[in-house]
There are 2 protein chains.
Amino acid sequence: MEIKIAKHSGFCFGVIRALEKIEELKNSTNLPIYTFGPIIHNPQVVEKLKSEGVYSVEKLEEIDEKGYLVIRSHGVDKDVVKKAEMLDFKIVDATCPYVKRVQEIALRLVEDGYKVLVVGDENHPEVQGILQFTEARAEIFKIGMEIGNNSKIGIVVQTTQSIDNLILAISSLISYCSELRLFNTICNATTLRQTSARQLAREVDVMIIIGGKNSANTTRLTSISKEICQNVYHIETEEELKTEWFKDVKKVGITAGASTPDWIIQKVYKKISEIGEVFDEKSTFSN
Amino acid sequence: MEIKIAKHSGFCFGVIRALEKIEELKNSTNLPIYTFGPIIHNPQVVEKLKSEGVYSVEKLEEIDEKGYLVIRSHGVDKDVVKKAEMLDFKIVDATCPYVKRVQEIALRLVEDGYKVLVVGDENHPEVQGILQFTEARAEIFKIGMEIGNNSKIGIVVQTTQSIDNLILAISSLISYCSELRLFNTICNATTLRQTSARQLAREVDVMIIIGGKNSANTTRLTSISKEICQNVYHIETEEELKTEWFKDVKKVGITAGASTPDWIIQKVYKKISEIGEVFDEKSTFSN
């Protein structure tokens, strides 16, 4: 059995940067370290950080011993930062610079008089952060939403969206606006991972997608692969792998979301190799 | 046989305005009147004007007796205007204000540092006029054209394009640009005529599209109707109608391009009615 890892997969720039900031903090302070919400969308990484004394919290009031508060890669509401400062936390901003850029573009468009729409998943923290950064003057894009005629529309996109969702949004808006100003803020890491997944899915019999079940970009790699390949499985760790997925399989593709660490990818690779060896031996025996 | 005329068809604002300007001139001067290229894309109207002493010319040098030069509804190159003034013509600008607006937006986008693309028919005088207005700093959009990464792209559209062509253009560009600023300059008259044609084509057995064979918007009404209705005929005058098109036909739809005058539409309507009456009588007789 042949196993191929997608050319572009795993940690992106923003995730590496966020984890480096945590690492620096760990080495330079004895104060407790908190992240507001999970620092990245990977439960295993978050769990490992917890074992090292870095805690993910949802409410600032629940913390007795103040210390550092790290703003996660997806960004947060400006109000959270203000409140944390009032509560005497020291702030370390690990918001991905590409996400920050989306927030700033959205705000600038609002201030320039555009009706600003965000193409993305309404409940995702990145999208929530963008909307809140504009003080709710930007709105989430919805198919069939009321626009009114001859509007000036500004569009920004969640960094981990697929280009197809963006085209769908534009197609449904274009008849109703006189000007449409679109910033394609899908980040390069997302595009490269999606393109690599698409290419690999064409070559293999089974695709394994590794990453948090709560990770938007991992989920999108799964749906993109499913459009091409019949056997696609989204897992978080090697423990979820099932032997029967690989019966009579010649080629397996592996890819991983932008928040999936290398050590998990390596464990999955190793386990699939072992399953493959067992099947290869059986097949030699039966010949 | 029932005959229905599309709710929106025939002369648009820009065409009415151009012809009114000619009419005013005719009533106020004894100097000769020329138009640079056909004033509108309707050969019958151009022929009628010729019989009234208004001549369409392609080269200014060929004119001995100078007089008024009317700039046609599609607009022209700024150089033509300069040259005409140097040759002592009196200029009357009948460029459609909506076309003028496209020229000005394209120039502004170029000056603001955008790579400007025009979605339209390369050889159409309106598109040529837009490109020349920007001193060839805007380009025609072509599927698969080289864009380069992370460009700021500005888009304007020929006023008589279909929205589908615009969506196609955007879909092919969106992956390659960081910012896309689109002015949907398809004019309202075009949109209304296309929507009406689409609605009518769904209801009838035969669609008759009246207008210049050189008219972009009429040709587009024909292709839109052909997507829906099996029997679509593009004619310029009632003389092209063929009796056999209406055999066993219950419902006929008529529409006309933005440069087709009412008197031609009426003649076509009358001739189809007469053909219909003959078939209806025959059908009564055979019953």
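Figure 1. The buried residues of α5(B) are B:Pro125, B:Glu126, B:Val127, B:Gly129, B:Ile130, B:Leu131 and B:Phe133, and they pack against α3 (78-86), α4, β6 (115-119), β7 and β8 (151-157) of chain B. Helices (H or I, at least four residues) and strands (E, at least two) are DSSP runs numbered from the N terminus, and contact means heavy atoms within 4.5 Å. Residues are numbered from 1 along each chain as its sequence is written, while chains are lettered from A and ligands numbered from 1 in the order in which they are written. Because the model is predicted, local features need pLDDT of at least 70 and side-chain atom pairs count only at pLDDT 80 or more, whereas totals for chains, interfaces and linings use all residues; side-chain values use heavy atoms, with hydrogens and water left out.

**Figure 2. The crossing of helices α4 and α5 in chain B.** Two packed helices are described by the angle between their axes and the distance between the axes. The axes of α4(B) (residues 97-111) and α5(B) (residues 125-133) come within 8 Å and cross at roughly 35 degrees, where axes are lines fitted to C-alpha atoms, for helices over the stretch in contact, and angles run from 0 to 180 degrees between N-to-C directions. The crossing of α4(B) past α5(B) is right-handed, that is, the near helix is turned clockwise from the far one by less than a right angle. On the α4(B) side the contact is made by B:Val99, B:Val102, B:Gln103, B:Glu104, B:Ala106 and B:Leu107, which meet B:Glu126, B:Gly129, B:Ile130 and B:Phe133 of α5(B).

**Figure 3. Residues with positive phi.** Most residues other than glycine have a negative phi, and most peptide bonds are trans. B:Glu135, which follows α5(B), has a positive phi near 55 degrees, and B:Ala136, also not a glycine, has a positive phi of about 60 degrees. B:Ala136 belongs to the loop between α5 and β7 (139-140) of chain B and is exposed, with a relative accessible area of 60%. In chain A, A:Asp88 has a phi near 70 degrees; this residue sits in the loop between α3 (78-86) and β5 (90-93) of chain A and counts as exposed at 61% relative accessibility.

**Figure 4. The open sheet β3-β2-β4-β5 of chain B.** The 4 strands of this open sheet follow the order β3-β2-β4-β5, with parallel pairing; two strands pair if DSSP finds at least two bridges between them. At the edges stand β3 (54-57) and β5 (90-93) of chain B, each with a single partner strand, so one side of each is left without a neighbour in the sheet. Neighbouring strands are turned by 30 degrees against each other on average, direction ignored. The parallel strands β2(B) and β3(B) are joined by 4 bridges, and B:Phe36 stands opposite B:Val57 in β3(B). Helix α1 (residues 13-28) of chain B lies across β2, β3, β4 (68-71) and β5, running at about 145 degrees to β5(B). Helix α3(B) also packs on the sheet, touching β2, β4 and β5 of chain B, and its direction makes about 150 degrees with that of β5(B).

**Figure 5. The surroundings of B:Pro38.** B:Pro38 lies in the loop between β2 (33-36) and α2 (43-51) of chain B and is buried, with a relative accessible area of 17%. Not counting residues up to four places away in sequence, B:Pro38 touches B:Val46, B:Ser56, B:Glu58, B:Arg72 and B:His74. B:His74 is 36 residues from B:Pro38 along the chain, and their C-alpha atoms are separated by 9.4 Å.

**Figure 6. The open sheet β1-β12-β10-β11 of chain B.** In this open sheet, 4 strands are arranged in the order β1-β12-β10-β11, and the pairing is parallel. The edge strands are β1 (2-5) and β11 of chain B, each of which pairs on one side only. Strand β10(B) (residues 206-210) pairs over 5 bridges with β11(B) (residues 231-235) and over 5 bridges with β12(B) (residues 251-256). B:Ile210 has B:Ile235 as its bridge partner in β11(B) and B:Ala256 in β12(B).

Key: Buried means under 20% relative accessible area, exposed over 50%, partly exposed in between (1.4 Å probe, protein chains only).
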